[in-house]
Amino acid sequence: MPSYKLYYFNGRGRAEPTRLMLAAAGLPYEDIRMEPEQWPEYKKKMPMGQAPVLEVDGRTMISQSIAIARFVAKESGLAGKTNMEQARADMMVDGFVDMVNKMADYVWYEPDEARKAEKKKTFFETTLPEFLGHFEKLLVANNGGNGFFVGDGLTHAEVFFLGLSDDITAEKPDILSPHPKLAALVDRIRKYPGIQEWLAKRPQTPW
């Protein structure tokens with residue numbers, strides 16, 4: 001079995017979908033959480049000077065969070081059972097990333113506090129509900145929305161959505177109320193073997 005080391009900061013962020021997949025698959029790994037003062041030294045070793053990074057067997061280092069997540073999905077059997085399932089799972093994840101990037105625009109990249117507040121308001125009142133509407137429609141199109149986004153088993157799409165649901169509900173706890181199928185999906189995936197255990201023991205961080 002390959003050995004894995006996952007390098008990221010002490011937060012959920014862009015590494016959490018990979019942590020959740022590793023937990024769901026029962027794959028052991030070393031969860032290396034860097035503090036800000038440690039980053040300059042670690043950065044020198046990172047292939048693109050960024051985190052997260054997944055080190056495999058002490059030799060190969062994979063950068064870029066989505067590339068890492070898709071690699072782990074394939075390693076753990078969570079990529080989808082057919083080429084079509086894989087393409088549709090990737091489609092969902094890319095849609096989630098689009099949504100996350102819209103959120104990151106005001107969280108990380110807007111220095112002006114007034115504009116940040118305005119962008120946040122627009123995100124939660126307009127942008128996010130539109131994304132969630134699309135996601136729920138796609139969920140319902142597969143088995144009435146009572147199973148998974150793709151096929152009849154867990155993929156990285158559901159795991160990724162669980163991870164981002166933590167961030168959006170932290171800001172607005174009732175944001176999924178108008179989308180009962182998405183809310184029910186999150187509840188189901190939280191109880192998935194391996195994931196439930198990880199959620200109970202993972203470090204509590206603000207992001």
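Which residues line the second largest pocket? Select Phe9, Arg14, Trp39, Gly49, Gln50, Ala51, Pro52, Gln64 and Ser65, and you have its lining. A pocket here is an open set of points on a 1 Å grid over the protein atoms alone, where a 1.4 Å probe fits, with protein on both sides within 12 Å along at least five of seven lines; lining residues have an atom within 4 Å of a point.

Before moving on, note that this is a predicted model: local features need pLDDT of at least 70, side-chain atom pairs count only at pLDDT 80 or more, and totals for chains, interfaces and linings use all residues. Numbering starts from 1 along each chain as its sequence is written, and side-chain values use heavy atoms, without hydrogens and water.

Centre your view on Gly13, Val107, Trp108, Asp167 and Trp207, the closest to its centre among 29 lining residues. Now colour domain 1 (4-76 + 195-201) and domain 2 (83-191), whose bounds come from an automatic or database domain assignment. Both give residues to this lining, so the largest pocket lies between them.

Finally, pick leucine 138. Show its contacts (heavy atoms within 4.5 Å) with Arg88, Met91, Met92 and Phe149, leaving aside residues up to four places away in sequence. The C-alpha atoms of leucine 138 and phenylalanine 149 are 6.8 Å apart.
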